[in-house]
Amino acid sequence: MIQPLSHLVAARLCFALRAGVCLSLVHFGASALAQGSLTPPGPPGMTMKTLQQVEPRTPIGTLPFTISAPGSYYLTTNLTGTTGASGISIVTNNVTLDLRGFTLAGGPGSLHGIVAPAPVQNVTIANGTVSGWGTNGVTFDGSSSGQFVGLRLMNNGADGLEPGHRSLVRDCLAEGNIGTGFGGFDYECTFDRCAANGNNGDGFESYDKCVFLACSASDNGLDGLNPYFNCTVRDCNANDNGFDGIDIPYVGCLVSHCVCNFNGAHGINGGDDSAVRDSVALANNGNGIIVGAHCLLDACTASANLGSGIMTSNDCTLVACSANSNEVDNVIAGFGCAVNQCSACASVTGSGFNIITGSTIASSCAHSNSLYGFNVGDRSTVLGC
């Protein structure tokens with residue numbers, strides 16, 4: 001059927017109107033969503049970090065080497081020293097040196113392995129071996145506030161490590177050094193879980209106010225540990241040394257929970273105003289435990305020593321100590337001492353208790369001794385024994 005002309009005109013007009021609306025919308029959207037230029041401003045930049053940003057440390061790959069700027073340094077390989085020179089010299093404060101498990105080996109005629117030629121502060125050295133140097137392995141004597149962690153100091157021509165004042169030495173081993181294992185007259189240092197074995201001198205040597213925690217010293221040519229004034233030695237072993245196990249004959253020291261056996265001289269040699277607690281001294285070639293005046297011995301054992309078991313000066317207190325089977329007298333005490341709940345039996349050639357004038361012995365036993373059980377001086381008292 002043929003539609004009327006009026007209907008055809010109306011349909012075409014409607015189509016034209018609709019098309020105009022759509023074109024208008026398309027034009028509006030294109031202008032509203034238009035972006036900037038698609039042409040890049042330049043080539044792409046670097047997005048990766050530099051090696052210095054990833055590892056902000058300075059490598060050391062040759063010797064000798066001088067550290068003259070604060071910062072962090074590390075070894076890249078095992079290194080060997082040269083004649084007439086030290087390996088690494090540190091001449092500035094605030095340095096960290098990581099040996100990364102590598103070895104600094106001294107060659108013929110070499111000097112120190114690592115040295116501070118002048119006093120420095122706040123230096124940390126960790127994680128490696130320093131061996132075979134002509135003088136000291138590591139020496140910071142006169143410096144301060146250092147940290148030395150995880151080092152092996154072996155077969156050096158003098159001392160293994162001289163840490164400097166107020167330093168921390170942790171988990172280090174000093175072995176086979178011609179001098180002292182850990183030496184230097186440094187004060188206020190802490191030695192934590194360190195070992196000194198087979199050194200020709202002392203195992204450990206320090207000045208005043210030092211602390212030794214869970215350390216061991218064996219087979220050293222002189223003393224195992226040789227601290228000075230006002231030092232603390234706790235949970236340490238000192239066995240088979242050429243002289244004393246712990247030689248600490250100075251004022252104001254504390255020895256606690258230590259074992260000193262089979263030493264060439266005395267087990268523990270203490271000074272005035274000191275205390276020895278819960279410690280053992282067995283089979284030493286000299287006396288087991290010696291202390292000066294005004295000292296306390298508490299719960300100590302001294303047996304089978306070739307000298308006397310326990311020997312004190314004046315005005316000392318002995319509580320719950322055992323000194324048995326020693327070659328000479330088991331207990332020798334000076335003037336004005338107090339002995340309570342102690343045992344002194346089976347002396348091979350001497351007496352159980354050999355006490356000088358003006359002392360008191362209470363609740364103690366002394367049997368099977370070669371001479372006397374109680375050999376006491378004037379104005380002394382024996383109670384409940």
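Trainee: Before we start, how do you know which residues and values count?

Mentor: Residues are numbered from 1 along each chain as its sequence is written, and side-chain values use heavy atoms, with hydrogens and water left out. As this is a predicted model, local features need pLDDT of at least 70 and side-chain atom pairs count only at pLDDT 80 or more, while totals for chains, interfaces and linings use all residues.

Trainee: What does pLDDT say about the protein chain?

Mentor: pLDDT is the predictor's confidence in each residue, from 0 to 100. The protein chain averages 89, and 86% of the residues score at least 70. Over residues 1-34, though, pLDDT stays under 50. For that stretch the model has one contact beyond four places in sequence, a contact being heavy atoms within 4.5 Å.

Trainee: Why is T232 called buried?

Mentor: Buried means under 20% relative accessible area, exposed means over 50%, and partly exposed is in between (1.4 Å probe, protein chains only). T232 has 18%, so the word is buried. T232 touches C210, V211, F212 and L254, leaving aside residues up to four places away in sequence.

Trainee: And where does T232 sit?

Mentor: In strand β21, residues 232-234. Strands (E, at least two residues) and helices (H or I, at least four) are DSSP runs, numbered from the N terminus.

Trainee: What makes H367 partly exposed?

Mentor: The relative accessible area of H367 is 48%, so H367 counts as partly exposed. H367 lies in the loop between β37 (360-362) and β38 (374-376), and touches A344, C345 and A346, again not counting residues up to four places away.

Trainee: What makes β2 and β12 edge strands?

Mentor: The open sheet has five strands in the order β2-β5-β8-β10-β12, with parallel pairing. β2 (65-67) and β12 (161-162) each have a single partner strand, so one side of each is left without a neighbour in the sheet. For β12, the pairing with β10 (residues 138-139) rests on two bridges, and T139 stands opposite E162.

Trainee: Why is the contact of R57 and D98 called a salt bridge?

Mentor: A salt bridge is a side-chain nitrogen of Lys or Arg within 4 Å of a carboxyl oxygen of Asp or Glu. R57 and D98 come to 3.3 Å, N to O. R57 lies in the loop between α2 (51-54) and β1, and D98 in strand β6 (residues 95-98), so the pair ties together parts that are 41 residues apart in sequence. R57, at 18% relative accessibility, counts as buried, and so does D98, at 17%.

Trainee: How many salt bridges does the structure hold?

Mentor: Five. In one of them, the side chains of D298 and R277 meet at 3.2 Å, N to O. D298 is in strand β30 and R277 in strand β27 (residues 275-277), so parts 21 residues apart in sequence are tied together. Salt bridges with shared partners also join R170, D171, D192 and R193 into one network.

Trainee: What makes the nonpolar surface patch?

Mentor: Patch residues have over 30% relative accessible area and no salt bridge; like charges are joined within 9 Å, and nonpolar side chains (Val, Leu, Ile, Met, Phe, Trp, Tyr) within 5 Å. Here F185, Y207, F229 and V251 make a patch of about 330 Å², with accessible areas from the Shrake-Rupley method with a 1.4 Å probe, where for residues only the protein chains shown count as cover. Y207 has a relative accessible area of 33%, so Y207 is partly exposed. Y207 lies in the loop between β17 (204-205) and β18 (211-213).

Note on methods: Two strands pair if DSSP finds at least two bridges between them.
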